[in-house]
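Here is a walk through one model, from its domain layout down to a few single residues. Keep the viewer open while you read.

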Amino acid sequence: MFNKIPTVLTSQEIIDKAFSRASKIEVPYESSLERRVRNEVINRISTIESITCSHLDKLVKRFPSSEKLHPFFYAILDLLFNVDKYKISLSRVNTSSIKIRELSTVYIRRAKGIQGQRINETMRAYYGRYASIIKDLSPDLKFLSECRDRMKKVPVIEPDLPTFIIAGMPNTGKSSLIASMTTSKPRVASYPFTTQDIHVGFRELGYFKIQMIDTPGILDRPAVERNEMEVKAMLALQKIDGVIIFLFDYSDASGYTKEQQEALYEEIRGLLPKPVIRVQSKIDISPARIEDIALSSVTGDGVPELLKYMESIMGKTHAEH
Ligand SMILES: Nc1nc2c(ncn2[C@@H]2O[C@H](COP(=O)(O)OP(=O)(O)O)[C@@H](O)[C@H]2O)c(=O)[nH]1
Ligand SMILES: [Mg+2]
């Protein structure tokens, strides 16, 4: 993924690196000066080629191809950067690497066939054409560098694991529930659309490893309050195969009426057409038990029942496939 991509050099950095490596080349002593100059030129061209092409080829190899990206990451990449532009830039990098190889082959052959002063002229001509190919690539390298830096920060969701996404109004106990149900300290990821970090927790459940995702600022308020970026974040979440756990807080501590919570519930059901589990939180301080599944993250009451229920619906979805 994007965290395995090396730093993307700028055009100038590639040129500098290749030229500086080439300038250090010393060829073994030859009695003929001409032969020596020729060998040096050939060596320099092939060094420039190999330094440059190995960097470009590594980029092509390490940037995930858009076809292989999971739909969740594809959606994020497309919303942030535009996938077509991404594809075009990657293919330009690839083409440039091929062009540099061809150019180097042609100039090495030329250097072998000419004499005297013209060998140095050939070298200069090669430098010029080489640099112009790399400079043309500048906007693409800059763009890919931005993609890498931004996308690197979204790695913690593992879209292939069974996933439970926690929703509910603010303060209904979402973070507390994740903390009480998952074994690892939640991984924190900066989600590119919101100022708040998302939290991902993991645990074993039956035969599976599962992840639970808490998305502050995205699934905790009505659409009218969501800005454009948060709507985009929501769209990316549609691509994650998962089950929603919607928390209802009917305790005296809740700042929201049942109607307000039901309205958000309906809205999220419309936006994220996934199975949903209704769960009542904070039963240790709630006067009435209203939902079938009710728990307290503080006392742990009801948590095993929710886990059992999660496992049972996971088994079902698994058997259907
Ligand atoms: N008594 C009680 N308080 C809880 C429970 N779960 C969460 N809280 C408290 O409710 C407040 C909001 O919880 P939090 O998990 O941050 O809610 P979030 O905004 O939905 O993530 C915090 O003060 C928690 O300590 C619970 O089961 N029982
Ligand atoms: Mg929270």
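A word on burial before anything else: a residue is buried when 20 or more other C-beta atoms lie within 10 Å of its own, exposed when 12 or fewer do, and partly exposed in between, with C-beta atoms placed from the backbone. Helices (H or I, at least four residues) and strands (E, at least two) are DSSP runs, numbered from the N terminus.

With that in hand, take helix α7 (residues 174-181), where Lys174, Leu177, Ile178 and Met181 are buried. Looking down the axis of α7, these buried residues fall within an arc of 100 degrees, so they line one face of the helix. The arc is that of the directions from the helix axis to the C-beta atoms.

Some ground rules: this is a predicted model, in which local features need pLDDT of at least 70 and side-chain atom pairs count only at pLDDT 80 or more, while totals for chains, interfaces and linings use all residues. Residues are numbered from 1 along each chain as its sequence is written, and chains are lettered from A and ligands numbered from 1 in the order in which they are written.

**Domains**

The domain assignment gives domain 1 (2-151) and domain 2 (163-320); such bounds come from an automatic or database domain assignment. Their C-alpha centres lie 48 Å apart. The contact between them takes 7 residues from domain 1 and 6 residues from domain 2, where contact is taken as C-beta atoms, placed from the backbone, lying within 7 Å. On the domain 1 side, helix α3 (residues 71-80) gives the largest share, 6 residues. By class, that side has 6 nonpolar, no polar and 1 charged residues. Here Ala, Val, Leu, Ile, Met, Phe, Trp, Tyr, Cys and Pro count as nonpolar, Asp, Glu, Lys and Arg as charged, and the others, Gly among them, as polar.

**Helix α5 and its cover**

Helix α5 (residues 117-136) has 20 residues and spans 30 Å from its first C-alpha to its last, close to the 28 Å expected at 1.5 Å a residue. That expected span is 1.5 Å times one less than the number of residues. Which residues of α5 are buried? They are Thr122, Met123, Tyr126, Tyr130 and Ile134. These cover an arc of only 100 degrees around the axis, which puts them on the same side of α5. The face turned away from that buried side carries the exposed residues Gln117, Glu121, Arg124, Gly128, Ser132 and Lys135. What covers the buried residues of α5 includes α1 (11-23), α2 (33-62) and α4 (83-113).

Tyr107 sits in helix α4. Tyr107 counts as buried because 23 other C-beta atoms lie within 10 Å. Leaving aside neighbours within four places in sequence, Tyr107 is in contact with Ile45, Thr122 and Tyr126. Tyr107 and Ala125 are 18 residues apart in sequence, and their C-alpha atoms are 8.8 Å apart in space.

**Strands around β1 and β4**

In β1 (residues 163-167), 5 of 5 residues are buried. Thr163, Ile165 and Ala167 point one way from β1, with Phe164 and Ile166 pointing the other way. Strand β4 (residues 208-214) is mostly covered too, with 5 of its 7 residues buried. Two strands pair if DSSP finds at least two bridges between them, and the pairings look like this:

| Strands | Sense | Bridges |
|---|---|---|
| β1 and β4 | parallel | 4 bridges |
| β3 and β4 | antiparallel | 7 bridges |
| β1 and β5 | parallel | 4 bridges |

Thr163 stands opposite Gln211 in β4, and Glu204 stands opposite Lys209 in β4. The hairpin of β3 and β4 has 2 residues between the strands, and Gly206 takes a positive phi near 60 degrees there.

Asn82, not a glycine, has a positive phi of about 85 degrees, and lies in the loop between α3 and α4. Lys282 also has a positive phi, near 55 degrees, in the loop between β6 (276-281) and β7 (293-294). Are these residues buried or partly exposed? Asn82 is partly exposed, because 13 other C-beta atoms lie within 10 Å. Lys282 is buried, with 24 other C-beta atoms within 10 Å.

Conventions: Two residues are in contact if their C-beta atoms, placed from the backbone, lie within 7 Å.
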